[in-house]
Amino acid sequence: MTDHDIKTDPDKGFVLAMAAGDPRGLSGLMDEHLSRITALAYHMLGDQMAAEDIAQDVFLKAWLKAGDWEFGNAKFITWMRRVATNQCLDRLRKRKEVLSDTLPEQVDGAASAETKMTVSETKTQVTKAMTALPDRQRAALTLSHFDYVSQSEGAKILEISEAAYESLLSRARRALRTALLPQKDSLMEGLGQ
């Protein structure tokens, strides 16, 4: 990301509107990023209601932070992702119990019941393997593979160096591969390959 990219923050108008007390700024920011922040939290926590709570907190903090935001250091969405990631990590630290093994049913009128069940089982196995990862490894993997952030932005969100972020990703991928390798045949079958 270049300095020009940082200075031309696409959310600048929303942030300035919120800083001026205009609720349309928050509305615009939510239209732009609510699904992204909720999805990030969902992938980290595996719980839709908790993800929605995290998103609500992030946007409340965005409203409160807007007046103090200084453009030029990072994009506003990077800060919002950092807030969401940190809140997810806090929740994960507080609840060390195993996440639910059940996923919402996939709604697809074209898929057969058998295909739905196989896909659901595959998602369950992958979700179990993801939840077994250490929290920061899961955060790095979620940011990179579900939220599609660059390694540079991921490092900023987790407040670590790019080398440390790459290391987290590498360890997470290795752990995931090790956990899923014994189930490779059934996973590939479930994905129709």
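Predicted model: local features only at pLDDT ≥ 70, side-chain atom pairs only at ≥ 80, totals over all residues.

Residues are numbered from 1 along each chain as its sequence is written, and side-chain values use heavy atoms, with hydrogens and water left out.

Start with the whole chain, coloured by secondary structure. There are 10 helices and 0 strands; helices (H or I, at least four residues) and strands (E, at least two) are DSSP runs, numbered from the N terminus. Of the 193 residues, 37% are buried, where buried means under 20% relative accessible area, exposed over 50%, and partly exposed in between (1.4 Å probe, protein chains only). Contact means heavy atoms within 4.5 Å. Among contacts between residues at least 6 apart in sequence, 66% join residues at least 24 apart.

Next, select aspartate 47, in the loop between helix H3 (23–45) and helix H4 (48–65). Is aspartate 47 buried or partly exposed? Aspartate 47 is partly exposed because its relative accessible area is 32%.

Now move to aspartate 147, in the loop between helix H7 (135–145) and helix H8 (151–158). Aspartate 147 counts as buried because its relative accessibility is 10%. Show the residues around aspartate 147: setting aside neighbours within four places in sequence, its contacts are Arg36, Leu40, Arg81 and Thr142.
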